[in-house]
Amino acid sequence: MRIDVRYFSKGGATKKLADAIAEAVGAEAKTVDVPLDKYADIVFLGASVYGGKPDAAVVNFISANAKNIGKIVVFGSACTKKSTYAAIKSAAAGSAVKTAEMFFQCKGEFLFLNKGRPNTQDCADAAEFARKQVKLLGVT
Ligand SMILES: Cc1cc2nc3c(=O)[nH]c(=O)nc-3n(C[C@H](O)[C@H](O)[C@H](O)COP(=O)(O)O)c2cc1C
């Protein structure tokens, strides 16, 4: 089973989570600028919230790489409880790409809010989530 990790990050929060997930699943975290050169059964896709939605680069990554994506597992952060899951799932469906039922979301630092987040615990939680997803999705 091949696993890849892609992310978009303006300020470094999503990169932190991507690196923790990549280490947990034995992959390398790369930005969404880097296309998938081979089919991946699972693509952990890091998409945080900007103006209520994921950045267009993430949505474009899905359509441009659809044939090489088995299933997307979304992770990200926001300063509120908002997640990009629904938007990513909808964009993926538009490219006939499946999205896992579960996603990882934590608080992200923004202006004076959520200082230091994602923190060490958030990264450990993201890593644990990723390991569980690989087990879950690997046997179905
Ligand atoms: C330009 C911009 C717009 C944002 N808009 C929202 C938003 O609409 N809702 C929200 O909850 N957080 C919003 N945030 C907070 C980010 O989701 C949060 O800081 C996240 O951790 C950023 O991830 P990054 O460091 O990987 O870019 C915004 C942040 C930026 C920089």
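**Strand pairing around β4**

Analyst: Start with β4, which pairs with strand β6 (residues 104–107) in the parallel sense over 4 bridges. Strands are DSSP runs of E of at least two residues, helices are runs of H or I of at least four, and both are numbered from the N terminus. Two strands pair if DSSP finds at least two bridges between them.

User: What should I know about the model and its numbering?

Analyst: The model is predicted: local features need pLDDT of at least 70, side-chain atom pairs count only at pLDDT 80 or more, and totals for chains, interfaces and linings use all residues. Residues are numbered from 1 along each chain as its sequence is written.

User: Which other strands pair with β4?

Analyst: β3 pairs with β4 in the parallel sense over 6 bridges. Ile42 stands opposite Lys71 in β4. Strand β5 (residues 98–99) also pairs with β4 in the parallel sense, over 2 bridges. There, Ile72 has Thr99 in β5 as its bridge partner.

User: How do I read the handedness of the crossovers?

Analyst: Point the strands away from you. A crossover is right-handed if the path from the first strand over the helix to the second runs clockwise. β3, α2 and β4 make a right-handed β-α-β unit. β4, α3 and β5 make a right-handed unit as well.

User: Is β4 mostly covered or mostly open?

Analyst: Covered: 8 of its 10 residues are buried. Buried means 20 or more other C-beta atoms within 10 Å of the residue's own, with C-beta atoms placed from the backbone.

User: What makes up the core?

Analyst: In soluble globular proteins, nonpolar side chains tend to be buried together. A nonpolar core is a set of buried Ala, Val, Leu, Ile, Met, Phe, Trp, Tyr and Cys residues joined through C-beta atoms within 7 Å. The largest one here has 41 residues; Ile21, Phe44, Leu45, Ile72, Val74, Phe75 and Ile88 touch the most other members. Elements supplying at least two residues each include β1 (3–8), α2 (56–65) and α4 (120–138). α1 gives the most, with 8 residues.

Methods. A residue is buried if 20 or more other C-beta atoms lie within 10 Å of its own, exposed if 12 or fewer, and partly exposed in between; C-beta atoms are placed from the backbone.
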